[in-house]
Amino acid sequence: MSDSAAGAASAESAGVGGEKKSPRGAPAKANIFARIALFVRQVVAELKKVVTPTRSELWNYTLVVIVFVLVCMAFVLALDYVINKGVFWIFG
């Protein structure tokens, strides 16, 4: 785990911004700057986990999307054709 990911994980387990407990036992709300800093640390930690696809994986993903869109277009085209024929049959 990277340093920023470890810091974000420890800050997350300690509560937002490492906040202290109030006298009643409820967590005290951290100030806005501490919450923004925690958010940025967590975003950076998540972005470090992202893996860039290889060229062949990207090609496969692209083909899957294109095929899926074509299948959806064919379904909508067929549905439109059936509804069109039904409307003309009913209303002439």
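1. Which residues form a nonpolar patch on the surface? The patch consists of Ile-32, Phe-33, Ile-36, Phe-39, Val-40, Val-43, Val-44, Leu-47 and Val-50, which together have about 870 Å² of accessible area. Patches are built from residues with over 30% relative accessible area and no salt bridge, like charges being joined within 9 Å and nonpolar side chains (Val, Leu, Ile, Met, Phe, Trp, Tyr) within 5 Å.

2. On provenance, this is a predicted model, in which local features need pLDDT of at least 70 and side-chain atom pairs count only at pLDDT 80 or more, while totals for chains, interfaces and linings use all residues. Residues are numbered from 1 along each chain as its sequence is written, and side-chain values use heavy atoms, with hydrogens and water left out.

3. The pLDDT, the predictor's confidence in each residue from 0 to 100, averages 84 over the protein chain, and 72% of the residues score at least 70.

4. The protein chain has three helices and zero strands, where helices (H or I, at least four residues) and strands (E, at least two) are DSSP runs numbered from the N terminus. For α3 (residues 55-91), the 37 residues should span 54 Å at 1.5 Å a residue, and the end C-alpha atoms are 53 Å apart, which agrees; the expected span is 1.5 Å times one less than the number of residues. Gly-92, which follows α3, has a positive phi near 80°.

5. Helix α2 (residues 32-48) holds Ile-36, a member of the nonpolar patch that is partly exposed because its relative accessible area is 46%, the classes being buried under 20%, exposed over 50% and partly exposed in between (1.4 Å probe, protein chains only).

6. Of the 92 residues of the protein chain, 8% count as buried.

Note on methods:
Areas by Shrake-Rupley, 256 points an atom, 1.4 Å probe, with all protein chains shown as cover. Salt bridge = Lys/Arg side-chain N within 4 Å of Asp/Glu carboxyl O.
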